[in-house]
Amino acid sequence: MITFPNIKINLGLSITEKRPDGYHNLETVFYPVALEDALEIRTNPEAQQKFTLHQHGMEIAGNPENNLVVKAYLLLDKEFHLPPVEIHLYKHIPSGAGLGGGSSDAAFMLKLLNEHYNLQLSDNQLEDYAATLGADCAFFIKNTPTYAEGIGNIFSPIELSLKGYRIMIVKPDVFVSTREAFANIRPHRPEYPVREVIRRPVAEWKDTLINDFEASVFPQYPVIGEIKEELYHQGAIYASMSGSGSSVFGLFAADTTLPEIDWGTNAFCFKGTLSE
Ligand SMILES: C[C@@](CO)(OP(=O)(O)O)[C@H](O)COP(=O)(O)OP(=O)(O)OC[C@H]1O[C@@H](n2ccc(N)nc2=O)[C@H](O)[C@@H]1O
Ligand SMILES: Nc1ncnc2c1ncn2[C@@H]1O[C@H](COP(=O)(O)OP(=O)(O)O)[C@@H](O)[C@H]1O
């Protein structure tokens, strides 16, 4: 059985306070975008070991045991004693990009196992499992535009459709660690709350829908800020870094032909159209 884990982008990201447990409270809107990995599982009753992970496409650092799809499998295996599986993961989503690729793989693995082995878990139960795997992982269970607060795990649905907008996502050859990005931030209440700005027309977002990580990440990696400037220069209606970086997205009007640009050595570029 095969599934296609997609990415999210963050529309606004305010880091509002540091919590006693070291994590940070934040406010953001997660919006799904159809840049996808491919994830397949096959039961292998003959296998000696519980899982075998076959990775394809872009490389991910770390051992198979640290891969979030394996963690998701082991989490449900503990509860449901699943049969041994062969896992094929084709990585197309860049890592360390603020696009939630690893979290998405994990959430889609939970959904895949639930369906394939008829575990009868509800979306709410799947979200609870997902939340133990990563702060933004639970978003990918319902995978619809969502306002998130708490550590990024308390959700309310929002009325927001960007259907038809063209999107361009650019990730330079720079890896930003989420943990480090948080460590460099001074949390504060936003001047313009994300939840309010998002109700305004996209054309008004430029100076009010803010990703707090930009202020600390851009000085450290100027190339990321330059990409954002270039996206505006190319006609983006709104552009922002996603999550803790290093990718930047630009939203363009529906009829735009997206420009061909050389973003530098080993840069990643995705062009698509938003749905929802
Ligand atoms: C901040 C966001 C915005 O979307 O960044 P991106 O990962 O998308 O860039 C996400 O919520 C991230 O979610 P996720 O990537 O799942 O975070 P985790 O793996 O749980 O945490 C990585 C590290 O980030 C820090 N962390 C994460 C989330 C949070 N609300 N407060 C934190 O301080 C912690 O130091 C933690 O050890
Ligand atoms: N299936 C996976 N895909 C991508 N990264 C993974 C996966 N499993 C574990 N990781 C680890 O998770 C980290 C964060 O990856 P990812 O979620 O893609 O980025 P981001 O937090 O920037 O959205 C990577 O450094 C990688 O080592």
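Guide: Thr 16 counts as buried, because its relative accessibility is 9%, and the cut-off for buried is under 20%. Keep in mind that this is a predicted model. Thr 16 sits in strand 2, which covers residues 6–18.

Now follow the strand to Lys 8. Lys 8 also lies in strand 2. Lys 8 is buried, because its relative accessible area is 3%. UniProt, in an unreviewed entry, places the feature "active site" at Lys 8 and Asp 136. The two are spread over 129 residues of sequence, yet they cluster in space, with a largest C-alpha distance of 9.5 Å.

Look at the surroundings of Lys 8. Setting aside neighbours within four places in sequence, its contacts include Phe 30, Tyr 31 and Pro 32. Gly 98, Leu 99 and Gly 100 are also among them. The side chain of Lys 8 makes a polar contact of 2.6 Å with the side chain of Asn 10.

Next, Asp 136. Asp 136 is in the loop between helix 3 (123–131) and helix 4 (139–142). Asp 136 is buried too, because its relative accessible area is 16%. With neighbours within four places left out, Asp 136 is in contact with Lys 8, Phe 30, Gly 100, Ser 103 and Gly 152. A polar contact of 2.6 Å links the side chains of Asp 136 and Ser 103.

That brings us to ligand 2. The ligand is surrounded by 19 residues. The closest are Asn 67, Leu 68, Ala 97, Gly 98 and Gly 100.

Polar atoms come next. An oxygen atom of ligand 2 lies 2.7 Å from a polar backbone atom of Gly 98. A nitrogen atom of ligand 2 is 3.0 Å from an N or O atom in the side chain of Lys 91. At Leu 99, a backbone N or O atom is 3.3 Å from an oxygen atom of the ligand. On its own, ligand 2 has 540 Å² of accessible area, and the protein covers 80% of it.

Finally, the make-up of the shell. Strand 6 (85–91) and helix 2 (101–116) each supply at least two residues. Helix 2 gives the largest share, 4 residues. By class, the shell holds 7 nonpolar, 10 polar and 2 charged residues.

How values were computed:
Residues numbered from 1 in each chain as written. Chains lettered and ligands numbered in written order. Predicted model: local features only at pLDDT ≥ 70, side-chain atom pairs only at ≥ 80, totals over all residues. Heavy atoms only, no water. Buried < 20%, exposed > 50% of the residue type's maximum accessible area, 1.4 Å probe, protein only. Near = heavy atom within 4 Å. Polar contact = N/O pair within 3.5 Å; in protein donor to acceptor, adjacent residues only side chain to side chain. Areas by Shrake-Rupley, 256 points an atom, 1.4 Å probe, with all protein chains shown as cover. Nonpolar A, V, L, I, M, F, W, Y, C, P; charged D, E, K, R; others polar. UniProt positions renumbered as here; feature names shortened; annotations may be inferred. Contact = heavy atoms within 4.5 Å.
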